[in-house]
Every structure is written in C-alpha cells, then in structure tokens.
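Notebook open, model loaded. I want to go through the metal site, the ligand and the ring contacts, in that order.

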Amino acid sequence: MAEQIRISDEQVAENNQLHLPGLEEDYAALGRTLARQSIDIGEITERARAFEIAVPSWGVGTGGTRFARFPGIGEPRNVYEKLQDCAVIQQLSRCTPRVSPHFPWDRVDDFTELREYADALGLGWDSINSNTFQDQPGQSLSYKFGSLTHTDAATREQAVKHNIQCIEWGRQLGSDCLTVWVGDGANHPGQQHFQRAFERYLDSGRAIYAALPDDWEMHIEHKMFEPAFYATVIQDWGSNLLAAMELGEKAKSLVDLGHHAPNTNIEMIVSRLIQFRKLGGFHFNDSKYGDDDLDSGSIHPYQQFLIFNELVDAQHRRQAGFGPRYLLDQSHNVTDPVESLVNSALEVQRSYVKALLVNREALDHHQENNDAIMASNTLKAAFNTDVSPILAMARYQQQGAIDPIGSYRAAGYRARVAKLRPASGHSGSGIV
Ligand code: LRH
Ligand code: MN
C-alpha cells in the first residue's frame, strides 16, 4: 500500500486568502449583473457545487501516442498512487469525487483493501472500463481480429468472461456501471461481414447484459476509427443506439466527444439519445483532428457549451429517463496530468454553469417564431458570461482552491511525489 501524500488543507486555505478579496468583489459584481436578468447567483452557485465529473484512473499518468510517450516525474506506478493524484484533483476542484478504473490496468489482489484506501482518500468509484483491445501476458486467445465480435466463439467467450469479471470487481468497489468499448473492426474492404459481426456483438452483449446486477447500467461506447482503419463494429451513434435498444433497458449509449468525424453535430446526437432515454453518459475531452484526447474545452468550448445546453434543457423539461454520467477521458502527453485534469473538470463545469444561464423561455419563444438571430443571441448571451467567480466561489465554499493550479504549484506536490516514486526508466510508446 502506497504511503499517503497530500496537499495540506492549510496550504490551500493560505493560498485562498490571497485571492478571496478579489473573488468576493467579482462575485458581487456578477451577482448584480445576473440579478438584472432575474437570476439568483446563489442558486446557480449551489447547482455548481452539486456538479460532479469522474476522473479516469488512466488519465493521471502521462499519455503517449504510437510514436512515443515521454513520462513526467513522479509518475503513478500503480492504482494506489493513481488514487493519491485523484484525491489531489478532488481536493482542489471539489467536483471530482469518483474515479473510473480500467481493468486489468488497475487490477489488484485485494479489492476490499483498494476500496478502503479510496474511502480514506474520500474517493468513490464510477463506471468500470473493461479492456479487450489488448492481449494480456499469458492470455490464451488473441484479440488481434476482435474480441466480442471475433469469428471464433472461444475468443468471444473469453472477452465476455473478462467483462463479467469486471462487473464482479466493480461490485466489490461499490460501482454500478460497466463501460464497454471495443476496437473490433476491419482494415480492409471485404475483410469483415458487417451484419454477422454486429450479430456477434449483440450475442456477446446479451451474455454480458445477463450478468448485470439489477441496479447496474451497461454503457456502450462508439468510435469512428482506431485501432480499425476501415470499419469499426460500433462505429457511430447509430450502431450504438441500435445495440443499446436491442440489449435492453439497462444498456445505454456513451458519447466520447473525440470519437466522431470532424464537424459532427454532437449536441444533436445528444438530443436524440436523450429523447429516446438512451443517454448513459460522456467521456469529455477535445480534439481537432482524430481521437486526440486533448483537454476538455481547449479546442471547441462552444460545442461543449451547446452539449450542456441540451442537457440543461432536458433537466429543465424534466425529461423522463434522464440521468447521464459525466467522466473525463483524456491523454496528457505534454502537461502535468493533475493540472490538466483539474483544468478540464472545471472547464466542463463551466459549460454546465453557462448553460444554466440560458433564458429558456426566451429561447423557446425565438425558436417557435423562427427568429434565428435572437435564438442564437440568447445562447451567446449565456456563453459570453464569465462565470469564473461562480466556479471559484463554489470551490471556496467547499474548502477547495480558488486558484487550483496556483495552490497545486505552491504545494510542490509533483516534486514531492517524484522523490517517493522513482522513475521506471522505460518510456516506450502507447496511450498509457
Ligand atoms: C477508446 C477510449 C475508451 C477507453 C480508452 C482508454 O479510445 O476512449 O473509452 O477505454 O479510450
Ligand atoms: Mn473514451
């Protein structure tokens, strides 16, 4: 079990004192501005405090590409050290109370011990991610030509068994959701029979679905390409939704923002999944070209806002069956992962809070009257509002950091863990 290392609450409180006078001034000013729009800043801040997004355990290590990975100092070497870093992210942001693990990357011999360790850090567990996109040492059947959709029944069964094992490990940790992403597909036209492959996916999916405890969900994640570069079995939201509808009520669709063709209207996909009560959740990140897994809101902040506009609209309309999960899924190749994850959690929270400011009655009116300019301006008025004082006040009111990156750097956390976590020396390549 790793030695616990934290940032002291005193250090955060000390740094907050530097920023509090300015925050109180900015917060009061924004409060007056919003009051003129009949918006109560206190109520918005309360909803900001309730916002939660899960952190990916695989995101706290330095990420890489197929070309190379350049590990930073103090890399977490096991799930315990990953949890330490996740606890710091929660301490500073106060909106990331749960971790989403990935198996077998986070596998341990004693899950009770792991759960107790996370409890002691004030962390819970979100969706469990299975992995049948890599062959593990000693694995009898390879996933080179697929896993849940492999033409060989024994290989499919091996992949189904792994997912069922992940459910069991998740149950021991107190999770209630399994996320299934498979890279299964083809690199050459003709290599795969599309319908037979999808039928094999559904058969395997039914076997996994049958093993779900009553209160669990199964989230299906689609992706346009990579590792398959011609066809991917669950390639887009259409195949995803069909599979989720076919499998049953506990199966829902997960939207990873980076898994779409450039310029895809993701907010409309979100609206469709909400309408048909099949929106399970999100993997937030950003991208300019492919599945770049860049920091959320760093490239397309308006798109992320428009996605939350659909989510807040559904909440506002009390849409039946609405309750998506929010998770980050990013790869940090050139930044300190803790800093990127803190920033990204807050940028997603920012999109949510801006969407809360949209005047929904006015928007509905302009939409029904085909007044495109006023409809667009109604959205832009919310998007152009700097809600930073609300986000900072929400953190401060929960003993988080008004200036998270400033507090983190002042505490010298990375340098301290680097002393405790000697570099493994191997850089290699690959996403983690
Ligand atoms: C696939 C994916 C999936 C994870 C993996 C780490 O690209 O988005 O969600 O299992 O990244
Ligand atoms: Mn993902």
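Donors are N, O and S atoms within 2.8 Å of the metal (3.2 Å for Na, K and Ca), and water is not among the atoms, so sites may look incomplete.

Ground rules, for the record. This is a predicted model, where local features need pLDDT of at least 70 and side-chain atom pairs count only at pLDDT 80 or more, while totals for chains, interfaces and linings use all residues. Residues are numbered from 1 along each chain as its sequence is written, chains are lettered from A and ligands numbered from 1 in the order in which they are written, and side-chain values use heavy atoms, with hydrogens and water left out.

**Entry 1, the metal**

Which side chains hold the manganese ion (ligand 2)? I found Glu221 (OE), Asp256 (OD), His283 (ND1) and Asp329 (OD), at 2.1 to 2.2 Å. The 6 donor atoms around the manganese ion subtend angles of 72 to 170 degrees, so I logged the arrangement as octahedral. For reference, ideal angles are 90 or 180 degrees for six octahedral donors. Along the chain, the donors of the manganese ion are spaced E-x34-D-x26-H-x45-D.

I then placed two of them: histidine 283 is in strand β10 (residues 279-284), and aspartate 329 is in the loop between β11 (325-328) and α10 (337-356), 46 residues apart. Helices (H or I, at least four residues) and strands (E, at least two) are DSSP runs, numbered from the N terminus. Buried or exposed? I used under 20% relative accessible area for buried, over 50% for exposed and partly exposed in between (1.4 Å probe, protein chains only). Histidine 283 is buried at 1%, and aspartate 329 is buried at 9%.

I counted 12 residues around ligand 1, the closest being His102, Glu221, Lys223, Asp256 and Asp329; the cut-off is a heavy atom within 4 Å.

My pairing rule for rings of Phe, Tyr and Trp (its six-membered ring) is centres within 6.5 Å, with planes under 30 degrees apart stacked, over 60 edge-to-face and the rest tilted. I got 22 aromatic pairs this way. In one of them, phenylalanine 133 and tryptophan 181 have centres 4.9 Å apart and planes at 55 degrees, so the pair is tilted. Phenylalanine 133 is partly exposed at 24%, whereas tryptophan 181 is buried at 14%.

Tyrosine 302 and phenylalanine 305 are stacked, 5.6 Å centre to centre with 20 degrees between the planes. These two residues sit 3 residues apart in helix α9 (residues 301-316), so about one helical turn separates them. Tyrosine 302 is partly exposed at 25%, and phenylalanine 305 is buried at 0%.

I also noted a cluster linked by ring pairs: Phe51, Phe282, Phe284, Phe308, Tyr326 and Tyr352.

Definitions and conventions. Tetrahedral: all angles 85-135°; square planar, octahedral: opposite > 155°, others 65-115°.
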